[in-house]
Amino acid sequence: MARTTPGVTRERILDEAVRLFAGRGYDATSVVDIQVACGLAPGSGALYKHFRSKRELLEHAVRRNMETLARSQAEAMTEVPTEPRAALRLLAEVVWRVLDDERELVRIMVREFAGFPELFEQMWQAVLANVYRVGAGWIEGLRDRGQVEVADPEATAAVLLSSLTYYPILDTLIGHTPGDLGRERFLAAWLEHAAATLGLP
């Protein structure tokens, strides 16, 4: 059985694989590339001690980062402010932090979706779709308490969150933001737009 270089752990292999898949693409990254990036001998086959194939490595990397995203999201949303504008700001900060922390995973998902639709569907359902569900539930709660008048909380959440997520995704993919605006300027405009959409005072 192949031996790994001392200090080269499963986590290190996953980290280097994510970096290379995000930068070069899955198909353009070989097992040898990953081994070399980890400090392993190119022909040692040491990577196979941890993963049976490059595909399995990608699956583990996505699932690991997906679990990290889900934990981060859950921890951040444990105490939502009762004041709606403060809650909107928290929601925006959480969404942006999650997407910023996983820029490489976002890039991989967009690039490789066609080759691994089932894998990225799991990511969508476990993390991103949950953000939309949380947003819709929060807006519905505001409506039920008479704080806002919104006919369709689910659609309203989808519109608000899609405009919010577009900013970091565009920045990740092409290095530009909508209108090339800075973060604080975009966030201020988004908060005003969201408040007006919800009819907040």
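Helices in these legends are DSSP runs of type H or I with at least four residues, numbered from the N terminus. All views show a predicted model.

**View 1**
E75 lies in helix α3. With a relative accessibility of 56%, E75 is classed as exposed, because the threshold for that class is over 50%. Along the chain, E75 and V94 are 19 residues apart, and a distance of 9.8 Å separates their C-alpha atoms.

**View 1. The largest nonpolar core.**
This core comprises 60 residues. The members that touch the most other members are I34, L57, L58, L88, V95, W190 and L198. Two or more residues are contributed by each of the helices α1 (10-24), α2 (31-37), α3 (54-76), α4 (84-101), α5 (103-112), α6 (117-144), α7 and α8 (183-198). Helix α4 supplies the largest share, namely 10 residues. In soluble globular proteins, nonpolar side chains tend to be buried together.

**View 2. Surroundings of W190.**
W190 is one of the core residues that touch the most other members. When residues up to four places away in sequence are left aside, W190 is in contact with L88, A92, L160, S163 and L164. Of these partners, L88 is also listed among the core residues that touch the most other members.

**View 3. The salt bridge between D15 and R64.**
The structure as a whole contains 13 salt bridges. One of them joins the side chains of D15 and R64, with an N to O distance of 2.8 Å. The pair connects distant parts of the chain, since D15 belongs to helix α1 and R64 to helix α3, 49 residues apart. D15 is partly exposed at 41% relative accessibility. R64, by contrast, has a relative accessibility of 17% and therefore counts as buried, the limit for that class being under 20%.

**View 4. The salt bridge between R24 and D33.**
R24 and D33 are joined by a salt bridge in which the closest N and O atoms lie 3.0 Å apart. R24 is partly exposed, at 45% relative accessibility. D33 is likewise partly exposed, with a relative accessible area of 24%.

R89 and E93 form a salt bridge, their closest N and O atoms being 3.6 Å apart. The two residues are separated by about one helical turn, because they stand four residues apart in helix α4. R89 has a relative accessible area of 33% and is partly exposed; E93, at 34%, is partly exposed as well. In another part of the structure, salt bridges with shared partners unite E11, D15 and R64 in one network.

**View 5. A nonpolar patch on the surface.**
V110, L173 and I174 make up this surface patch, and together they present about 260 Å² of accessible area. L173 is located in helix α7, which covers residues 153-174. The relative accessibility of L173 is 37%, so the residue is partly exposed.

An unreviewed UniProt entry assigns the feature "DNA-binding region" to residues 32-51. In the model, this segment is 30% helix and 0% strand.

Note on methods: Residues are numbered from 1 along each chain as its sequence is written. This is a predicted model: local features need pLDDT of at least 70, side-chain atom pairs count only at pLDDT 80 or more; totals for chains, interfaces and linings use all residues. Side-chain values use heavy atoms; hydrogens and water are left out. Patches are made of residues with over 30% relative accessible area and no salt bridge: like charges are joined within 9 Å, nonpolar side chains (Val, Leu, Ile, Met, Phe, Trp, Tyr) within 5 Å. Accessible areas come from the Shrake-Rupley method with a 1.4 Å probe; for residues, only the protein chains shown count as cover. A salt bridge is a side-chain nitrogen of Lys or Arg within 4 Å of a carboxyl oxygen of Asp or Glu. Buried means under 20% relative accessible area, exposed over 50%, partly exposed in between (1.4 Å probe, protein chains only). UniProt positions are given in the numbering used here, feature names are shortened, and annotations may be inferred rather than shown by experiment. A nonpolar core is a set of buried Ala, Val, Leu, Ile, Met, Phe, Trp, Tyr and Cys residues joined through side-chain atoms within 4.5 Å. Contact means heavy atoms within 4.5 Å.
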